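Below is what I looked up, in the order I got to it.

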Amino acid sequence: MLRYQLYECNVPKVSLAKEIDYIQNYVDIQRLRKSERHRVAFSHPSNTEHIYLPPLLFIGFVENAFKFVSNDKDRDNYVLIDMKVQEKKLVFRVENTIMSNSNITKNSVTGGIGLSNIKRRLELQFKGMHELKIVPNNDCFIINLQLEME
């Protein structure tokens, strides 16, 4: 993973297949760290070598999902990641449960520095070609990102 970050991400665009591999490796590590109380799923398309995009675009959302996932003993705790290519759009969704006693506020939508950096990057690299929706609910947090592909 470090090799990918240091040596393969120093280009303007990488294949979506490489990004998926990187996210899958991260998810696999997190699965080892979490308990049986956590359900983790990552679904993604195959045959994505022909799609290119800026590197490390999605990992911030995935890291946040694992950072803030609930650890409740009396309910299902999960991180669900879904990526689809539909026509000329890439649709990326991350959903995670949050602690039942957590206090979601408007700051959760604007986010910390990581989320602010992702928003800025999207605005610079996909100006007018993306839609980002951040939906905090009482028991889960959802990120929906749509990117128009060239």
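This is a predicted model: local features need pLDDT of at least 70, side-chain atom pairs count only at pLDDT 80 or more; totals for chains, interfaces and linings use all residues.

**Rings first, then helices**

Both F61 and F92 are buried.

I then searched the whole structure for aromatic pairs and got four. In one of them, the ring centres of Y26 and F66 are 6.0 Å apart and the planes sit at 70°, so I logged the pair as edge-to-face. Edge-to-face needs planes over 60 degrees apart. Y26 belongs to helix α2 (residues 16–33) and F66 to helix α3 (residues 59–68), so this pair ties together parts 40 residues apart in sequence. I checked burial for both partners: Y26 has a relative accessible area of 15%, which makes it buried, and F66 is buried too, at 3%.

Back to F61 and F92: their ring centres are 6.3 Å apart with the planes at 40°, so that pair is tilted. It links distant parts of the chain, since F61 is in helix α3 and F92 is in strand β5 (residues 89–97), 31 residues away. I also noted that ring pairs join F58, F61 and F92 into a cluster.

**Helix α2**

Then I listed its buried residues: L16, A17, E19, I20, Y22, I23, Y26, V27 and Q30.

**Helix α5**

I ran that check on helix α5 (residues 113–125): its 13 residues should span 18 Å, and the end C-alpha atoms are 18 Å apart, which agrees.

Which residues of α5 are buried? I found L115, I118 and L122. Looking down the axis of α5, I saw these buried residues fall within an arc of 60°, so they line one face of the helix. On the face of α5 turned away from the buried side, I found the exposed residues I113 and L124.

**C9**

Where does C9 lie? I placed C9 in the loop between α1 (2–8) and β1 (14–15). Is C9 buried or exposed? Its relative accessibility is 13%, and the cut-off for buried is under 20%, so C9 counts as buried. Skipping neighbours within four places in sequence, I have C9 in contact with Y4, P55 and L56.

Notes: Residues are numbered from 1 along each chain as its sequence is written. Side-chain values use heavy atoms; hydrogens and water are left out. Helices (H or I, at least four residues) and strands (E, at least two) are DSSP runs, numbered from the N terminus. Buried means under 20% relative accessible area, exposed over 50%, partly exposed in between (1.4 Å probe, protein chains only). Contact means heavy atoms within 4.5 Å. Rings of Phe, Tyr and Trp (its six-membered ring) pair if their centres lie within 6.5 Å; planes under 30 degrees apart count as stacked, over 60 as edge-to-face and the rest as tilted. The expected span of a helix is 1.5 Å times one less than its number of residues. The arc is that of the directions from the helix axis to the C-beta atoms.
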